[in-house]
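Please open the model in a viewer and keep the selection panel at hand.

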Amino acid sequence: MSTIEVIILAIIQGITEFLPISSSAHLILPSAVLGWQDQGIAFDVAVHVGTLLAVMLYFRQDIGHLTVGWLNSCSGQQSTYGTLAWMVIAATIPAGLAGLIFAEMIETLLRSPWVIAITTLIFGSLLWYADSTAKQHTVMEQIGWRQVLIIGVAQAISLIPGTSRSGITMTAGLMLGLDRASAARFSFLLSIPIIVLIGGYQTSKLLKNPEIYDFYSLGLGLVLAFFSALICIHFFLKIISRMGMLPFVIYRLILGVALLIFLTFY
């Protein structure tokens with residue numbers, strides 16, 4: 001990978017990991033449209049570590065409450081954050097199982113620009129519907145088990161490229177009555193165990209097929225993904241509190257249509 005490719009792909013990962021526009025789609029598209037070589041598993045691990053560190057730093061207070069609450073719950077002391085910690089764990093299970101069962105099919109059959117274009121349009125439209133009709137009467141601390149399990153199943157669907165993990169979990173949260181900020185917060189917290197699982201899975205593949213690593217590219221990618229993700233989270237929360245999800249819906253629809261046109265005529 002050239003330095004410019006590292007810079008572009010790392011920033012793309014950092015920005016799109018938490019926006020409802022699909023990071024996997026944006027990382028696949030440069031190779032499909034521009035003819036770039038696949039960035040490789042090691043680079044994927046590096047940029048995922050960068051985004052993981054960013055979300056953990058930004059939500060360090062919530063994570064602290066969840067950790068203390070979970071530890072207390074293990075000794076029989078129940079609390080709102082203890083229950084919420086178990087909910088985050090439970091909501092991760094469907095995606096973890098789906099990844100184990102369908103990983104090969106997703107990587108071989110669904111990593112296609114056509115799939116990305118179609119899912120970008122479909123789930124962008126669903127995000128618009130959820131945001132425009134949401135009742136927004138529930139905060140994250142009031143979330144129930146039924147809501148959590150539905151959001152968990154939604155996250156499993158996000159393994160399809162172009163769906164957007166953050167997009168579909170926020171869509172489900174809004175449809176279930178969460179306000180925008182709470183839907184986003186829960187989606188971000190839910191990203192932590194799933195990023196850890198993805199990183200662990202990719203690392204296991206690396207150990208089976210060791211490579212000669214370009215540590216400069218990996219380090220640069222990690223740092224750029226970290227800072228771009230940190231900035232993105234901050235401004236995303238401000239944008240949705242003022243404008244809702246509409247800017248991201250419009251972007252997805254434009255991107256999906258542009259992809260279909262490109263794939264049809266070029």
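**Stop 1: Ser-164.** Select Ser-164, which counts as buried because its relative accessibility is 3%; buried means under 20% relative accessible area, exposed over 50%, and partly exposed in between, with a 1.4 Å probe and protein chains only. Ser-164 sits in the loop between α7 and α8. Helices here are DSSP runs (H or I, at least four residues), as strands are (E, at least two), and they are numbered from the N terminus. Although Ser-164 is not a glycine, its phi is positive, at about 85 degrees. Most residues other than glycine have a negative phi.

Two remarks on the source apply throughout. The model is predicted: local features need pLDDT of at least 70, side-chain atom pairs count only at pLDDT 80 or more, and totals for chains, interfaces and linings use all residues. Residues are numbered from 1 along each chain as its sequence is written, and side-chain values use heavy atoms, with hydrogens and water left out.

**Stop 2: Gln-136.** Next select Gln-136, in the loop between α6 and α7. Gln-136 is not a glycine either, yet it has a positive phi of about 55 degrees. With a relative accessible area of 27%, Gln-136 is partly exposed.

**Stop 3: helix α7.** Select residues 145–157, the range of α7. The end C-alpha atoms of α7 are 19 Å apart, which agrees with the 18 Å that its 13 residues should span at 1.5 Å a residue; the expected span is 1.5 Å times one less than the number of residues. The buried residues in α7 include Val-148, Ile-151, Gly-152 and Ala-154, together with the glutamines Gln-147 and Gln-155. What covers the buried residues of α7 includes α5 (80–110), α8 (165–175) and α9.

**Stop 4: the salt bridges.** How many salt bridges does a search of the whole structure find? The search finds 3, where a salt bridge is a side-chain nitrogen of Lys or Arg within 4 Å of a carboxyl oxygen of Asp or Glu.

Begin with Asp-62 and Arg-185, whose closest N and O atoms are 3.1 Å apart in a salt bridge. Asp-62 lies in helix α4 and Arg-185 in helix α9, so this pair ties together parts that are 123 residues apart in sequence. Both Asp-62 and Arg-185 are buried, with Asp-62 at 10% relative accessibility. Leaving aside neighbours within four places in sequence, Asp-62 is in contact (heavy atoms within 4.5 Å) with Tyr-81, Arg-185 and Leu-189.

Glu-141 lies in the loop between α6 and α7 and Arg-185 in helix α9, so the pair ties together parts that are 44 residues apart in sequence. Glu-141 counts as partly exposed, at 30% relative accessibility. Salt bridges with shared partners join Asp-62, Glu-141 and Arg-185 into one network.

Then select Asp-131 and Arg-180, a salt bridge whose closest N and O atoms are 2.7 Å apart. This pair links distant parts of the chain, 49 residues apart: Asp-131 is in helix α6 (residues 113–133) and Arg-180 in helix α9.

**Stop 5: helix α3.** Select residues 41–58, the 18 residues of α3. From the first C-alpha to the last, α3 reaches 26 Å, close to the 26 Å expected at 1.5 Å a residue. Among the buried residues of α3 are Phe-43, Asp-44, Val-47, His-48, Leu-52 and Val-55. The buried residues of α3 pack against α1 (3–16), α4 (60–74), α9 (180–208) and α10 (215–243).

**Stop 6: a nonpolar surface patch.** Finally, select Ile-118, Ile-122, Leu-126, Trp-128, Tyr-129, Met-175, Leu-246, Ile-250 and Ile-254, which form a nonpolar patch on the surface with about 870 Å² of accessible area together. Patches are made of residues with over 30% relative accessible area and no salt bridge; like charges are joined within 9 Å, and nonpolar side chains (Val, Leu, Ile, Met, Phe, Trp, Tyr) within 5 Å. Accessible areas come from the Shrake-Rupley method with a 1.4 Å probe, and for residues only the protein chains shown count as cover.

Which helix supplies the largest share of the patch? That share, 5 residues, comes from α6, and α6 and α11 (246–265) each supply at least two residues. Leu-246 lies in helix α11 and is partly exposed, with a relative accessible area of 42%.
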